Amino acid sequence: MKSHYYLITLALALTFCPGLQAQTTIRIKDSEANGQIIPKEIYGQFSEHLGSCIYGGLWVGKDSPIPNKDGYRLDVFNALKELQVPVMRWPGGCFADDYHWMDGIGPVKDRAKISNNNWGGTLEDNSFGTHEFLNLCEMLGCEPYISGNVGSGTPEELAKWVEYMTSSSHSTVAEMRRANGREEPWKVKFLGIGNEAWGCGGNMTPEYYSNLFRRYTTYTRDYNGNRLYKIASGASDTDYNWTEVCMKNIGTQMDAIAVHYYTAMTWSGSKGSATNFTDQEYYRALGRAVAIEPCIQKHIEIMDKYDPQSRVDLLVDEWGTWWDVEPGTDPGHLFQQNTMRDAIVASVSLDIFHKYTRRIKMANIAQVVNVLQSMILTKGDQMVLTPTYHVFEMYKVHQGAEFLPVEYATTQIATSDKGPVPSLSVTASRKDGVVNVDITNPDLKNGQTLLLTWDNLGKVKKGDVSARILTADKINDYNDFGKKAKVAPESFKDFKVTDEGIEIKAPAMSIIAIAIK
Ligand code: AHR
């Protein structure tokens, strides 16, 4: 009610005093923080055997002229190390339910060659398999998230995979791992029991899938202190019935249920160009991106009904933008460019995830390299960091930080069939005595004057505040191979520390990261 009154006053003031620059107050409600930690896994990645995500992206093989360490592409590896990737999901996606892990172990020359039927029928030589993935996770310092095959596999196959990876016994399967060069078992916590069981993962009903989950979970065992965290294949965005049935039938036998939500404009026909779009198309995409919030709220409401103690987590293990592939590329390889629009979709989505971390414990953007809303794109030996990469880099300070609620008034800057677009998105957290605030102004035309205030943080001096900005000349600017990056973070100075707080001039279409010591 109060904020409506504020908005009407603001509108009248702007109408009758055209020279007046409106100021929006952002209040960090640090006095109401309750120790809620933003799980680092909200910044999870997803890697699938799809297009050039693995081959040419993460992995080039030991004999490649492209600089590599044991076959891992060095430029990509170093860029990912910088992001502090907390968790990586593999091997799919749809590919997971066609994947038979035994194809990807042992001498590379003997590994099975298969057709990647989900993704363009490309020949898959399995040269990147279990050892290559788990060793990469160790080198990156991230948790592996194995997505198991339920659609075309068997409980025995998945059970043996878990044993192969995690058992220290002298069983035949564990000895096979040793014979393949790995003495000690790996630590594998996250285990997906299938992927998109309602679609490419078997076209199942939730009732049937729930029973399968219970069956598979019986045989996937914890070996020598490795505790598996079992993840059910969840709903496709607003399929609330899927969540309802799984919560009722699986309940706390699962550790988490994973919903998928894409910023895709349609599932039939053209999804629109990644780089060539109108302002209206931009706002439409943003409308779809922020509509994840009511979607999450509804899934949580259902989960609360069956699990009031929040024992089952909600994951968003696939999210991000999905545009038409770049002209001239294989339609089955989902290679798309990434503009300032994608960066804004990323920041507003992460802001939303932060608010629901009572239930949401992981999110995995799709995908890490060369597929959909990637962090990184490669072409031959060239690499670019996308605008989305820079958002993840700017936001990494929130990993494992204490969530601080924020309050601010927003107006709707646009609306579309996909939903309304708010004029502002803000998130804040605190770690090691530093408060980090990220502010997104999605408005394409108008800058905003903002006053950042807080309850109890005390007096701040100018030297205590530093800021960076991610913005672009045009919303469809992107970083191209062999050219100077058009979208990259820069130091930001357009703020003033006053007795009231920090006054910030946020330009149109910008993401500002502020650190207060
Ligand atoms: O990320 C691309 C695909 O989207 C995944 O393989 C699948 O799970 C989803 O439909």
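Which residues is Ile-231 in contact with, leaving aside its neighbours within four places in sequence? With contact meaning heavy atoms within 4.5 Å, the list consists of Tyr-145, Phe-190, Leu-191, Gly-192, Ile-193, Tyr-209, Phe-213, Ala-256, Ala-258, Leu-315 and Asp-317.

The model is a predicted one, in which local features need pLDDT of at least 70 and side-chain atom pairs count only at pLDDT 80 or more, while totals for chains, interfaces and linings use all residues. Residues are numbered from 1 along each chain as its sequence is written, and side-chain values use heavy atoms, with hydrogens and water left out.

**Ile-231 and its setting**

Ile-231 belongs to strand β10, residues 229-236, where helices (H or I, at least four residues) and strands (E, at least two) are DSSP runs numbered from the N terminus. The residue is buried, at a relative accessible area of 1%; buried means under 20% relative accessible area, exposed over 50% and partly exposed in between, with a 1.4 Å probe and protein chains only. Between Ile-231 and Asn-456 there are 225 residues in sequence and, from C-alpha to C-alpha, 39 Å in space.

**The ligand shell**

The ligand is surrounded by 13 residues, of which the closest are Glu-48, Cys-94, Glu-196, Tyr-262 and Glu-318; a residue is near a molecule or strand if one of its heavy atoms lies within 4 Å of it. Sorted by class, this shell holds six nonpolar, four polar and three charged residues, where Ala, Val, Leu, Ile, Met, Phe, Trp, Tyr, Cys and Pro count as nonpolar, Asp, Glu, Lys and Arg as charged, and the others, Gly among them, as polar.

| Side chain | Ligand atom | Distance |
|---|---|---|
| Glu-48 | oxygen | 2.7 Å |
| Asn-195 | oxygen | 3.1 Å |
| Gln-367 | oxygen | 3.0 Å |

Of the 280 Å² of accessible area that the ligand has on its own, the protein covers 94%, with areas from the Shrake-Rupley method and a 1.4 Å probe. Strands β11 (256-264) and β12 (313-322) are the elements that give two or more residues to the shell.

**Helix α2**

In helix α2 (residues 74-83), the buried residues are Val-76, Phe-77, Ala-79, Leu-80 and Leu-83. Seen down the helix axis, these buried residues fall within an arc of 165 degrees, so they line one face of α2; the arc is that of the directions from the helix axis to the C-beta atoms. Their cover includes β2 (44-46), β4 (72-73), α3 (130-140), β14 (376-379), β15 (382-385) and α11 (387-395).

**Backbone geometry**

Most residues other than glycine have a negative phi, and most peptide bonds are trans. Just after α2, however, Gln-84 takes a positive phi of about 55 degrees. In the loop between β5 (87-90) and β6 (114-116), which holds Pro-91, the peptide bond from Trp-90 to Pro-91 is cis, with omega near 5 degrees. Gly-93 also lies in the loop between β5 and β6, and the bond joining Gly-92 and Gly-93 is cis, with omega about 15 degrees.

Asn-203, in the loop between β9 (190-193) and α6 (206-219), has a positive phi near 50 degrees and is exposed, with a relative accessible area of 63%. Met-509, by contrast, counts as buried at 8% relative accessibility; its phi is positive, at about 35 degrees, and its place is in the loop between β26 (502-506) and β27 (510-516).

How values were computed
Polar contact = N/O pair within 3.5 Å; in protein donor to acceptor, adjacent residues only side chain to side chain.
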